Amino acid sequence: KPAAWGPMVGDYAAVVYKNKIYPVILGDSGPSDKVGEASLRLARVLNPKANGRTRAISDVGVTYLFFPKTKVKNGPPNLTEWRQKVLKLLGEIGGVSSSSVVHDWES
């Protein structure tokens, strides 16, 4: 069971890679000391060659920021809402230099 202050499935997160921030939600987790892998959609944005056998990134150049207790409402993904919420959450911890560094997912 995760810690009360830890991220849970459905919480907002930001993936930082090469001067870009990708708004996401935590989709799975486990075992207890690991968080699940990124979606294939995110993986292919980070590395177009990513697939079921090729990881998107295999080094420490990726940062994951989780925002505990921010669970997304159930329903189909609202990518515009994800971006707006992650921008707001980033603002609460110091903000970003420009909103243009936050990826705008196409539906």
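Residues are numbered from 1 along each chain as its sequence is written, and side-chain values use heavy atoms, with hydrogens and water left out. Because the model is predicted, local features need pLDDT of at least 70, side-chain atom pairs count only at pLDDT 80 or more, and totals for chains, interfaces and linings use all residues.

The chain contains two helices and three strands. Helices (H or I, at least four residues) and strands (E, at least two) are DSSP runs, numbered from the N terminus. Along the sequence the order is β-β-α-β-α. Of the 107 residues in the chain, 32% are buried. Buried means under 20% relative accessible area, exposed over 50%, and partly exposed in between (1.4 Å probe, protein chains only). The chain exposes about 7400 Å², and carbon and sulfur atoms supply 53% of that area. Accessible areas come from the Shrake-Rupley method with a 1.4 Å probe; for residues, only the protein chains shown count as cover. Among contacts in the chain with a separation of 6 or more, 58% join residues 24 or more positions apart. A contact means heavy atoms within 4.5 Å.

Strand β1 takes part in two pairings. It pairs with β2 in the antiparallel sense over six bridges. It also pairs with β3 in the antiparallel sense, over five bridges. Two strands pair if DSSP finds at least two bridges between them. Val 16 has a bridge partner in each neighbour: Ile 21 in β2 and Thr 63 in β3. The hairpin of β1 and β2 has two residues between the strands, and Lys 18 takes a positive phi near 50° there. β1 is mostly covered, with five of its six residues buried.

The largest nonpolar core has 25 residues. Such a core is a set of buried Ala, Val, Leu, Ile, Met, Phe, Trp, Tyr and Cys residues joined through side-chain atoms within 4.5 Å. Tyr 12, Tyr 22, Leu 42, Leu 46 and Leu 90 touch the most other members. β1 (12–17), β2, α1 and α2 each give two or more residues to this core. In soluble globular proteins, nonpolar side chains tend to be buried together. Beyond four places in sequence, Leu 42 touches Val 15, Tyr 22, Val 24 and Trp 105.

A search of the whole structure finds one aromatic pair. Tyr 22 and Trp 105 form this pair, which is tilted, at 6.1 Å centre to centre and 50° between the planes. Tyr 22 lies in strand β2 (residues 20–25) and Trp 105 in the segment after α2, so the pair ties together parts that are 83 residues apart in sequence. Both residues are buried. Rings of Phe, Tyr and Trp (its six-membered ring) pair if their centres lie within 6.5 Å; planes under 30 degrees apart count as stacked, over 60 as edge-to-face and the rest as tilted.

Val 102 also sits in the segment after α2 (79–92). Val 102 counts as buried because its relative accessibility is 2%. The C-alpha atoms of Val 102 and Ala 14 are 8.9 Å apart, across 88 residues of sequence.

Ile 57 lies in the loop between α1 (40–46) and β3 (62–66). Its relative accessible area is 17%, so Ile 57 is buried. Beyond four places in sequence, Ile 57 touches Tyr 17, Leu 46 and Val 62. A C-alpha separation of 7.8 Å divides Ile 57 from Ala 43, 14 residues apart along the chain.
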